[in-house]
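Subject: Structure for you, with notes

Hi there,

Here is the structure I promised to pass along. Please have it open in your viewer while you read.

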Amino acid sequence: MAQSSIEWTEMTWNPVTGCNKISAGCKFCYAEVMARRLKAMGVKKYQNGFKLALHEEELRAPYLWKKPKMVFVNSMSDLFHKDVPVSFIQKVFKVMKDNPQHVFQILTKRADILLYYDKEGLLEWTHNIWMGVSVENEKVLYRIDLLRQTNARIKFLSCEPLIGPLPNLNIQGIDWVIVGGESGRNPRPIKKEWVLDIHRQCLKKNVAFFFKQWGGTNKKKTGNLLNGKQYMEMPEIITA
């Protein structure tokens with residue numbers, strides 16, 4: 001468990017670490033950079049750097065949290081990576097089911113694997129599991145259609161890093177859209193008109209809109225104001 005600086009969650013929980021790049025949004029992966037740094041610091045969990053690793057011992061952690069939390073699951077990996085056994089994914093889902101006081105937010109770029117497991121009846125969705133997909137540009141819009149077909153109770157999109165316009169965003173059946181620019185040393189540009197267009201589409205469909213950041217090399221300086229206003233909307237939390 002770790003307190004998180006990610007604006008749309010409270011903490012991170014990583015029963016899986018490590019990943020590999022599969023689309024343009026992965027180019028400057030923050031998790032890969034952080035994993036290398038943690039390995040250099042001698043953190044045992046990251047002794048293999050960014051190679052995929054399962055951490056069975058982490059499955060106990062949510063049972064020990066005393067207060068309800070908003071939890072980003074696998075900020076340092078992708079739960080639906082092809083090399084994560086479905087049996088381990090099911091263990092993670094059981095932990096989430098056993099701890100209904102917390103909200104667990106899962107984000108994947110591997111929506112095809114997600115949907116396959118769901119269609120096979122291998123995933124048990126409870127009210128506190130929010131499922132999202134990354135949508136960085138138009139080339140990966142298909143991920144939304146795959147997400148929409150799942151039985152997740154709350155469905156969301158993370159358009160971060162937003163590296164292209166999304167004028168044809170089908171957000172029917174989507175509960176939440178997060179938008180953000182890329183941060184780090186070599187951030188790709190984000191255009192204001194892209195963000196405003198997504199915001200208009202969310203307003204039209206009554207979908208919660210969260211603008212995380214403009215990004216850049218100094219995201220604190222660039223901030224998260226859109227036309228002088230913060231947009232930090234969240235879906236309504238389902239309690240049963």
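Below are my notes, going from the whole chain down to single residues.

Please keep in mind that this is a predicted model.

**The whole chain**

The protein chain is built from six helices and 12 strands. Its radius of gyration is 17 Å, close to the 18 Å that the globule rule gives for 240 residues, so the chain is as compact as a globular protein of that length. Along the principal axes, the C-alpha atoms fill a box of roughly 45 × 40 × 35 Å. Of the 240 residues, 54% are buried. If you take the contacts between residues at least 6 apart in sequence, 73% of them join residues at least 24 apart.

In soluble globular proteins, nonpolar side chains tend to be buried together. Here the largest nonpolar core has 56 residues, and W13, F80, F93, L157 and V177 touch the most other members. Helix α2 (residues 86–98) gives the most to this core, namely six residues. Another core, of 13 residues, lies apart from it and includes I6, W8, I178 and A208.

**Helix α3 and its surroundings**

Which residues of helix α3 (residues 111–119) are buried? They are A111, I113, L114, L115, Y117 and D118. The buried residues of α3 pack against α2, β6 (103–108), β7 (129–134) and α4 (142–148). After α3 comes G121, which has a positive phi near 75 degrees.

**Two residues to look at side by side**

Start with F210, which you will find in strand β10 (residues 208–213). F210 is buried, with a relative accessible area of 2%; the cut-off for buried is under 20%. Leaving aside neighbours within four places in sequence, its contacts include W8, W176, I178, Y231 and M234. F210 and W8 are 202 residues apart in sequence, but their C-alpha atoms are 7.9 Å apart in space. W8 is also one of the members of the 13-residue core.

Now turn to N168, in the loop between β8 (154–159) and β9 (176–180). N168 is exposed, with a relative accessible area of 56%, and the cut-off for exposed is over 50%. Beyond its neighbours within four places in sequence, N168 is in contact with E138, L141 and Q201. N168 and H55 are 113 residues apart along the chain, and 39 Å separates their C-alpha atoms.

**Backbone details**

The loop between β8 and β9 also holds P161. The peptide bond from E160 to P161 is cis, with omega near -5 degrees.

Two asparagines have backbone angles to look at as well. N206, in the loop between α5 (192–205) and β10, has a positive phi near 60 degrees although it is a residue other than glycine. N227 has a positive phi of about 55 degrees and is not a glycine either; its loop runs between β11 (225–226) and β12 (229–230). Are these asparagines buried or exposed? N206 is exposed, at 72% relative accessible area, and N227 is exposed as well, at 53%.

Best wishes

Technical notes: Residues numbered from 1 in each chain as written. Predicted model: local features only at pLDDT ≥ 70, side-chain atom pairs only at ≥ 80, totals over all residues. Heavy atoms only, no water. Helix = DSSP H or I, 4+ residues; strand = E, 2+ residues; numbered from the N terminus. Rg over C-alpha atoms; globule rule 2.2 N^0.38 Å. Buried < 20%, exposed > 50% of the residue type's maximum accessible area, 1.4 Å probe, protein only. Contact = heavy atoms within 4.5 Å. Core = buried A, V, L, I, M, F, W, Y, C linked by side-chain atoms within 4.5 Å.
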